Amino acid sequence: MKILGIESSCDETAAAVVEDGRKVLSNAIYSQIAKHRPYGGVVPEIASRNHVAKLPGIIEEALEAAGETYGSIDALAVTYGPGLASSLLIGYAAAKTLAQRLGKPLIGVNHHEGHLHSVFMKEDAPTEEEVFPLLGLMVSGGDTSLVLMRGTGQYELLGSTIDDAAGEALDKAAAVLKLGYPGGPIIQKTAEGGNPNAIRFPRGLDSVDRGKWVYKYDRDLCFSFSGLKTSLLTHVKNLDHEPQGQELADIAASYQEAVAEALTMRVERALGRFEVKSFSCAGGVSLNKILREKLTALAEKTGVPLLLCPPSLCTDNAAMIAGVAYEKARLNKACAEPVDVNPNLRLADWE
Ligand code: KG4
């Protein structure tokens with residue numbers, strides 16, 4: 001079954017063709033980073049205008065690279081939430097129009113589900129059934145969550161960020177340090193040769209405080225990065241100069257260490273609390289070298305196997321959307337066409 005996926009939830013305009021949920025035949029992405037860089041973050045209006053301009057070409061590119069045509073694909077998949085309403089609408093309108101014009105089914109996919117599923121998007125990855133129950137850490141630019149995946153589509157949110165996402169914290173730190181956008185890769189590069197223990201930045205809600213709740217989640221499985229951001233801002237303000245060279249590397253390394261440790265620490269707690277067969281990490285921040293090292297060390301320490309997202313699928317892409325759609329179709333779950341976009345779509349059981 002070949003599915004044409006379309007993704008436009010934020011600032012990546014993407015289309016991909018995936019065969020049987022795993023075989024990525026093409027993965028076309030137009031990244032708008034350069035358009036948003038002057039503003040230090042994503043500007044919704046600019047994002048949606050660029051989706052309008054680029055999506056038709058990106059869809060053609062995905063079909064051509066896969067050696068497919070509109071006639072040869074079996075179904076379409078589209079991200080219908082969560083994300084920026086004005087961005088989601090462009091991909092959704094395109095997918096809906098194509099589905100009606102071609103007389104093919106359209107499967108709506110949750111963007112976060114796409115990230116969680118991306119760890120299975122390589123041909124040698126284990127099947128979902130082999131690794132469930134699985135503890136998933138989803139670390140993207142817009143969200144940070146710990147999810148207990150009991151089966152395909154059976155998700156329980158164990159903890160979530162109560163303020164900023166990990167990616168956002170890295171993006172804001174790079175802005176404070178005047179390093180540019182997006183922050184994650186620049187902080188990682190600047191941190192090379194820096195001392196991760198030079199400054200003890202806060203880990204956010206890091207005390208083991210079980211029994212206290214944030215909304216309905218266990219407080220010590222939730223994340224908070226706003227205090228970390230303030231702490232960096234205060235640190236930089238208290239310097240009487242702009243940090244450069246080794247001092248800048250030490251700040252970046254210490255900040256990156258705080259983000260990676262705050263994430264790993266929650267995963268370790270959850271692993272101690274829930275019986276799982278494996279754990280995973282996906283989303284843009286999962287590209288981070290230090291985070292990957294810490295999670296790999298945790299897998300060795302606990303003996304619980306770790307599944308990491310292939311680097312080409314960590315940031316937003318449409319292959320992961322087509323991958324989830326295939327699983328939904330295979331298991332015959334909630335394949336009704338979405339009637340609209342939902343910018344606040346939650347990750348919940350399909351049924
Ligand atoms: O998954 P993604 O495309 O965003 C959403 O779906 O929201 O991830 C983008 C985020 C950005 O915040 C970016 O700074 C971060 O991923 N990122 C990284 C790295 N590469 C990208 N963070 C840490 N280390 C990296 N190497």
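Predicted model: local features only at pLDDT ≥ 70, side-chain atom pairs only at ≥ 80, totals over all residues.

Analyst: Numbering runs from 1 along each chain as its sequence is written, and side-chain values use heavy atoms, leaving out hydrogens and water.

User: Which residues line the second largest cavity?
Analyst: On a 1 Å grid over the protein atoms alone, a cavity is a set of points where a 1.4 Å probe fits but cannot get out, and lining residues have an atom within 4 Å of a point. That test picks out Leu 170, Gln 256, Val 259, Ala 260, Val 285, Asn 288 and Leu 291.

User: Which helix gives the most to that lining?
Analyst: Helices are DSSP runs (H or I, at least four residues), numbered from the N terminus. With three residues, the top contributor to the second largest cavity is helix α9 (residues 245–273).

User: Is α6 roughly parallel or antiparallel to α9?
Analyst: Helix α6 (residues 166–176) packs against α9 at about 175 degrees, with axes 11 Å apart. Axes are lines fitted to C-alpha atoms over the stretch in contact, and angles run from 0 to 180 degrees between N-to-C directions. Angles under 35 degrees count as roughly parallel and over 145 as roughly antiparallel, so α6 is roughly antiparallel to α9.

User: Which residues in α9 does α6 meet?
Analyst: Contact means heavy atoms within 4.5 Å. From α6, Ala 166, Ala 169, Leu 170 and Ala 173 take part, and they meet Tyr 255, Val 259 and Leu 263.

Definitions and conventions:
1 Å grid on protein atoms, 1.4 Å probe; cavity = no way out; pocket = protein on both sides within 12 Å on 5 of 7 lines; lining within 4 Å. Helix = DSSP H or I, 4+ residues; strand = E, 2+ residues; numbered from the N terminus. Parallel < 35°, antiparallel > 145°, perpendicular 65-115°, else oblique.
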